[in-house]
Amino acid sequence: MAILHIIAANVRKVVRSVVSTIVLLLFNRYTAFIIGVYAYSLIILALGGLGGMFGAIELRSMWLFQLDQARGVYLKKEYLELLFLLYLYGYFNKILRPSRWQALLAAIPLLLAYLGQDIYYLMYSSIFRFAELAEVPELLSVLTWPYIVTLLLLVVLPLGFFVWSIDYRRFWIPLAGALPLAVLIATTRYFPEQYIDGYRKVGQEIVNWSDKDTVDNNGRFMMLLYREAERHLAHARTELFHNREQYEEQARKFAAWLKQTGGPKRNIHLVVLESFLDPTLFKAATYTKNPLHPDFRKLFGANKLGFSLSPVVGGKTAQAEFEVLCGAPAFEEMLGMEFNSFTGPAAAYCLPGKLQLAGYQTMASNAFKPSFFNEQNAYRGIGFAKIFFPREFAPSDTDTYLSKGDTSSEEEYMFDGNIFSQNLEYITPLLREKDAPPLLNYVLTVYGHFPHLINEAKRPKVLKMISNFQDEQLERAANQMFYRTQAVADYVNRLIELDPKSLIILVSDHLPPGQHGRRSFQKLRYLDNSNDNIHMNRIMIIEEGKAKKYAVMHHYDIPAMVYNFVSNGMYCKVNTCGFVDNKLLDDRMQRHDDYMRIMAHASK
């Protein structure tokens, strides 16, 4: 009996030990962390954010390792993100001072990193990249105080508390623990091709046509590192396109061809409109009054408004400008925005540069700040001979005809009618001057920028949005559009009077973000939630005084339209032009070399 008691006691000890081990494995901070991230992923996915727990993880296959007869036991690819998260979480736990909040505090940077990427996607329908950290100053400069206070409370203070809680006495632990991460980041910088080749062997599918699918497959952090390696590799590959002499010779030959094929030179008026939303395209909303002004409806009728696909949604106007002015897709392979690569003196020979070689006088009028998105340097490099910003924003010694005027209650955003009237006053003598060279008149507006604030003393609200889904910002945008479309109609009608033989193109840069991001457009059924609907923007074209509608095009097709007009239709006889053939061409990747060539010379 004594032996049985001893055996029983030992068995109980073993059972208790096994149970304790199981409990320790199942109920600890790391398990709680994994469950928390998984719960977060389910919630953010339900809100329309990026999918997957740590990439392409499915509930039916929640095993870290998998057995294969040919390969034996191997680590499943989609769990690279999970291992990376656990490494970072363990590292943060190690460097913090012990406290009852240590486990929660260690998760704060990771939660904010995930949340930031998801909010970016929800607002802009685009995947965040490391290079876009350079655009943070521009973002902060347009945020209103409520958003800035929210950032301070929910981001700056938690991160500040995290940094304060680090145990700096054991300095060697943070240094040693950060070594693997430092090596990984250094590899993306100094050995990008090897990093990309290696990751393609161990990672999930990289979907070239969809950043979202790629992140869903591989995870947020994995793709941050992968895209950074791609960026550095792209910089290296631009060396293949640095033959400056050949590049300039091609630009001169094209300009000479334009001169040869063109008849009497005609002027080009090209306007990019900030967030020029057509509220009538929401199928799940009606209005107490038509948001489009009667003069605008009379000008373009019922069927003269077209569509152009923008590369961006909700923000990053410079990306839309790049496509409109340079005729190449904005691949974002150099920096988060192509404009930031331009140094100014280097001639990249985009649309303005080529027209200048062909004898055009080129001018750009921008309603906002010259430092925003590196606009001044970009405009100069693209080929504008004259560049104008409002004198309130421009340096004191700058010669400019623009003034933003009274923008009280509207966040310094100049009303469209204000910049249009000043532009008309400036170009009228140029248009009337006998034997003057033809003009490329480019205008960028800023009114209608998020959060669509309205000075109701000047522009009272004229309508209400009627819908089961409420979005105050888009309702304000609809009210703004009533006045904006009136301003557009006045501007275009005046241009037709002054310059009846010209080409006038007005295009929206992108859709506004909406109060609830992508969800607003889904709930309000923008274009009935058709394929790629949130990239569809209004484009208005007036050729020789008559409104004209083409089939859906891309923003990067606009220079071809200008070249075709200048060459009296010859350009599209020797080049493929989808807008002429009335079909949307899927030719984005075919234009990659054009993109690389422009970017190679933007900073040289």
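Biologist: How do you know that Cys326 and Cys350 form a disulfide?
Modeller: Their sulfur atoms are 2.1 Å apart, and a disulfide is a pair of cysteine sulfur atoms within 2.5 Å, so Cys326 and Cys350 qualify. This is a predicted model, in which local features need pLDDT of at least 70 and side-chain atom pairs count only at pLDDT 80 or more, while totals for chains, interfaces and linings use all residues. Residues are numbered from 1 along each chain as its sequence is written, and side-chain values use heavy atoms, with hydrogens and water left out.

Biologist: Why is the disulfide of Cys326 and Cys350 called right-handed?
Modeller: The torsion about its S-S bond is about 80°, so the disulfide is right-handed. Cys326 lies in helix H14 and Cys350 in the loop between H14 and helix H15 (351-357), so the pair ties together parts 24 residues apart in sequence. Helices here are DSSP runs of H or I with at least four residues, numbered from the N terminus.

Biologist: What makes Cys326 and Cys350 buried?
Modeller: Buried means under 20% relative accessible area, exposed over 50%, and partly exposed in between, with a 1.4 Å probe and protein chains only. Cys326 has 11% and Cys350 has 2%, so both count as buried.

Biologist: How many disulfides does a search of the whole structure find?
Modeller: The search finds 2. A disulfide also joins Cys572 to Cys577, with S to S at 2.2 Å. The torsion about its S-S bond is about -90°, so this disulfide is left-handed. Both Cys572 and Cys577 are buried. Counting bonded cysteines along the chain, the pattern is 1-2, 3-4.

Biologist: Why is the aromatic pair of Phe322 and Tyr595 called edge-to-face?
Modeller: Rings of Phe, Tyr and Trp (its six-membered ring) pair if their centres lie within 6.5 Å; planes under 30 degrees apart count as stacked, over 60 as edge-to-face and the rest as tilted. Phe322 and Tyr595 have 6.1 Å centre to centre and 80° between the planes, so the pair is edge-to-face. Phe322 lies in helix H14 (residues 317-326) and Tyr595 in helix H23 (residues 592-602), so the pair ties together parts 273 residues apart in sequence. Phe322 counts as buried at 0% relative accessibility, and Tyr595 does so at 0% as well.

Biologist: What makes the pair of Phe420 and Tyr491 stacked?
Modeller: The ring centres are 4.2 Å apart and the planes stand at 15°, so the pair is stacked. Phe420 belongs to helix H17 (residues 416-432) and Tyr491 to helix H18 (residues 472-498), so parts 71 residues apart in sequence are tied together. Phe420 and Tyr491 are buried.

Biologist: How do you know that a charge sits over the ring of Tyr114?
Modeller: The criterion is NZ of Lys or CZ of Arg within 6 Å of the ring centre and within 35 degrees of the ring normal. The charged end of Arg220 sits over the Tyr114 ring at 4.5 Å from its centre. Arg189 likewise lies over the face of Tyr190, at 5.1 Å from the ring centre.

Biologist: Which residues have the most contacts inside the largest nonpolar core?
Modeller: They are Phe322, Tyr379 and Ile598, in a core of 108 residues. H18 gives the most to this core, with 11 residues. A nonpolar core is a set of buried Ala, Val, Leu, Ile, Met, Phe, Trp, Tyr and Cys residues joined through side-chain atoms within 4.5 Å. A second, separate core of 39 residues includes Tyr89, Ala107, Val215 and Ala229.

Definitions and conventions. Helix = DSSP H or I, 4+ residues; strand = E, 2+ residues; numbered from the N terminus.
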